[in-house]
Each structure stands twice: as structure tokens, then as C-alpha cells.
Amino acid sequence: GEGKEGLFSKAGRTLMRFEWFIAKRYLKPEGRVTFVFIIAMLSMAGVALGVASLIVVLSVMNGFGKDLREKILSGRSNLVYTAYQGSLPDSPHLPAVFSEDPNVVAAAPLIESFALAQVEKQSSYGGVLVRGIDPAYESSVSDLDRKLLVGSLDRLRRTHPSPDSATEMIPIIEVAEPQLPGIVVGKEMAKYYFGIYPPRRASKSEEAEAMREAIGQTITLTAPPSGKDRPQGAMPRVRTFEVVGVFSTGHYEFDLNWVYISIREAQYLYDLVGRVGAYSMALKDFSERATEETAERIIRLVERYNKGQPRENRLDGFPVTWMTMNKEFFEALVYEKRVMSYILRIIILVATFNILTTLFMVGMVKTRDIGLLRAVGARHSSVLRIFLLLGLLIGAIGVFSGLGLGLAVCEFIRRVGIEMPGDGQVYYLQYLPVRVEWGDVFGVIGYTFVVSLVASLFPASWAARQQPVDSLRYE
């Protein structure tokens, strides 16, 4: 029994070598049938160009996604615990409650809301997103201090503790006040409100030098009424600030619409005495799965903390991840990449039609050969495998040629750099970004092999059904 199994195994390997030999021979140019070889080369070139195009486009889109994700995360926190309704208590020991989670690096108090901004030289108002922060904590959860082009966050620090109760008033605009409270604005806001425009292709130092003109300028913020019952009714709160810093996150919307003030000033503007709107957190691992798991653990941490706490001191809120905060944007990015991938796969699909045509032509030209093979004992399955191997061989040469070409183009873009229009002012990117993800590469390779195999099935089946008598009759 063992001898027979070994004999069959050896015969199978010999048969595969025979089929592989025939498939390779059919790709070589032979006298009057050289045009079949040319068509086969064109099929390979089509597959190679399709694979290379798909790899390059997906890599460029990955580069855009990575760059935009980094810029968004540089401005927003990885995880934010925000109040259901109203606000959360402002206490110096609360950030440590969130830091008990092993994945939380640090936590910081935050007040985030909208206001109208106006400068002296303009009569119109513009909407801004006000972020009240405490620099003593903020430096641990974001890189705002490293994003400053000019100025500092010192004027945003608390000069004394937050009030302990809602009855304690915040002294605002006193006669003895030595200076206006500070505000930090984005560079696009500085351009819009103060007419500061650095020279084209300005270096970072030249841009910072131009932005020094914004330091000392004043901005008036008007916050919407809080809705609380007061003797004088619901009145908006107004506060004038002095610009003490200009930041650049690399994200146009953030640099145009965001401003930073101190927690204490935000508590006055939004009538949140002794309260904050949320606690922002920086995570060690902010991948999607790790962030979601951390959010679930934060819920359990807060539940334990709230037990035994008086109602006014409870953390009644919920965690919001960076994916949720930017859900529409990231979904649009993924959808755009998917659509581009589908469109470019059509190129590969068209190229595989050339494979189908090539195999049919080989089958017609090699009709006599097929008849001879069948006459000397070649099985139906052997002829089928010859043509399937031929189709896969054409696809494989195209795939690996396209793979090499696509990776070479990506490396060229990465090393040499292709300048984006607008000198980095329109797209906020000076050079075309590129990032090769091997998951995409293997997906392209697998897809092309499958399509090549499917395209080979029909002509292979047609060639295998040829009868020896019918095939030799052409001779």
C-alpha cells in the first residue's frame, strides 16, 4: 500500500511539472504566433499598471488620513468625560480619579462652548469655540504649549483656587485689575482678525516673527445667556481679553475657530462658578480598541467614586472617544478611500479581460497541440490546469511587476516629495503624503490573483472540452 501511495505521489508531481512546462512554453514567442506573445505582454502590462495605480493611490490616501488624524489628535484629547447635563465639579483631586486607569496618562479640567468674538477695528462678530483650560494640567494631556508660534500660556494660569460654591462670586473687571485676562488664538484667526499675513513660503521662524504683531491686541468675547434665573433676567456676559499667544495645530478649522482662555475666565463667561464642562484625558494607547476599552473602565471608575458622594460632587457624565468626536470626518475619509479603491479595481478588471482574450487566442492557435495532448492520454483536467496555470502566470507577472512599480513610486514620492499647491496654506500640507499599509498591498495582490483565476476559468474550460478528433481535423 505504501509503495502505491508513493508511486501516485511521484506521478502527481511529474504531472504538475509537465503542465507547468507546457504553460510556460505557451508564453514564449514562436514564429508566426508572436502576436499571441505580444498580447500576453500587453495583458501583463495592464495588470501591472492597475496594481501599481491602486497601491500608489491607496498609499497617498493613507498618508492624508494619517496626517489629518495626527493633526486632529494634536488639538483634541484622546478621551473626554463630559457632563450629561449642566456641569461637573471643579476640584484639584478629580483628575487623579481618572488617572487611576492604567491607560490614562493624565486628566485635565475643560470648559468648551461657543461665543461671539469682536475686535476693535471690526464692527462685525464672528463665532469661535472657546476652550477654558488650566495650563498646569493641560500640558499633560495636549501639546498646546508646543504648538505655540509665539507667546506663552502663563497668563492663563489660575491665580487662586476655584470658588467652592455657586454663591461665591468671581471678581471680574475690578478697578484695581492690573491687566486684561489673556487669550490664545490660532494663526488663521490672527490673519483674519488682525490682517497678519506672513510671506509666501515663510519658514516657521519667519511666520512666528510675523505673528508677534498679534500679541497685545484685544478681543471681546460675548457668551450666550446661561438661562439661570436672575433678578436682571437672562443676560449675555461680555469680557475683553488680551492676546498673549498664537498657536498652530496644522488643522485649518482649529486654527481659525478655536481660542483658549483660563478656566476661571470661562467659569465667569458661562456662569459655571466652581464647575467645569468636562475632563479631558491623554492615553498611552489611543488605538480604537484600546480607547473603547478605556472608556468602559472609566465608567466603572466613576461609578465607584460616586458612591457616598453628595449629589453636587458626583461626576454625572459619560466618556466620549476621539473617534466619536470626529465620527463624520473619519467615516467620510474611509468611504472616500473605499470608493477610490473600487474605481481603480476596474482597471485591473479590464486588464484581466485581456487575459481572457489571450487564453482564447492561445487555445485557437494551439488547437492541434491540444488534440495531440489529448490523443496521447492527457486528461481533461490536465488541459484545464495548463490554461489555468497560464492565466495565473500572466496575472502573477503583472502583479509582481505592478507591486515593484507601485512601491518604487511611493518611495520616490516619500524621498523626493511632490509639492502641494498653495505653498502649504490651502491644504496645510507642503508635500504629498504617502504611507504604504501592507494590509492594502496584500488585499490588492489577493484581489488580482482571484480575478485572474476567474478570467482564466472560461477559456480553460473551453480548451479542455476540445475532442482529439475535432482538434486534429484542423491539421
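Modeller: Arg131 is placed over the face of Trp258, at 4.7 Å from the ring centre; a charge sits over a ring if NZ of Lys or CZ of Arg is within 6 Å of the ring centre and within 35 degrees of the ring normal. Another arginine, Arg345, lies over the face of Tyr447, also at 4.7 Å from the ring centre. The model is a predicted one: local features need pLDDT of at least 70, side-chain atom pairs count only at pLDDT 80 or more, and totals for chains, interfaces and linings use all residues. Residues are numbered from 1 along each chain as its sequence is written, and side-chain values use heavy atoms, with hydrogens and water left out.

Ring-to-ring pairs come next. Rings of Phe, Tyr and Trp (its six-membered ring) pair if their centres lie within 6.5 Å; planes under 30 degrees apart are stacked, those over 60 edge-to-face and the rest tilted. By that rule there are eight aromatic pairs. One of them joins Tyr192 and Tyr193, edge-to-face with 5.1 Å centre to centre and 85° between the planes. The relative accessibility of Tyr192 is 51%, so Tyr192 counts as exposed, whereas that of Tyr193 is 7%, so Tyr193 counts as buried; buried means under 20% relative accessible area, exposed over 50%, and partly exposed in between (1.4 Å probe, protein chains only).

Phe247 and Tyr260 also form an edge-to-face pair, because their ring centres are 5.4 Å apart and their planes stand at 80°. Phe247 belongs to strand 8 and Tyr260 to strand 9 (residues 258–262), so this pair ties together parts that are 13 residues apart in sequence. Helices (H or I, at least four residues) and strands (E, at least two) are DSSP runs, numbered from the N terminus. Phe247 and Tyr260 are both buried.

In helix 6 (residues 204–211), the buried residues are Glu207, Ala208, Ala210 and Met211. Viewed down the helix axis they fall within an arc of 160°, so they line one face of helix 6; the arc is that of the directions from the helix axis to the C-beta atoms. Their cover includes strand 5 (148–151), helix 5 (187–194) and strand 8. On the face turned away from the buried side, helix 6 carries the exposed residues Ser205 and Glu209.

Leu221 also belongs to the largest nonpolar core, which has 51 residues; among those with the most contacts inside it are Leu221, Phe98, Phe194, Tyr270 and Ile298. Such a core is a set of buried Ala, Val, Leu, Ile, Met, Phe, Trp, Tyr and Cys residues joined through side-chain atoms within 4.5 Å.

Phe98 forms one aromatic cluster with Tyr81 and Tyr279. Residues up to four places away in sequence aside, Ile298 touches Tyr81 and Phe98, together with Leu79, Asp101, Val104 and Met281; contact means heavy atoms within 4.5 Å. Ala278 lies in strand 11 (residues 278–283) and, with a relative accessible area of 5%, is buried. Its C-alpha atom is 6.1 Å from that of Pro109, although Ala278 and Pro109 are 169 residues apart along the chain.

Strand 1 (residues 79–83) pairs antiparallel with strand 12 through five bridges, and Ala83 stands opposite Gly317 of strand 12. Because four of the five residues of strand 12 (residues 317–321) are buried, this strand is largely enclosed by the rest of the structure.

Definitions and conventions
Two strands pair if DSSP finds at least two bridges between them.
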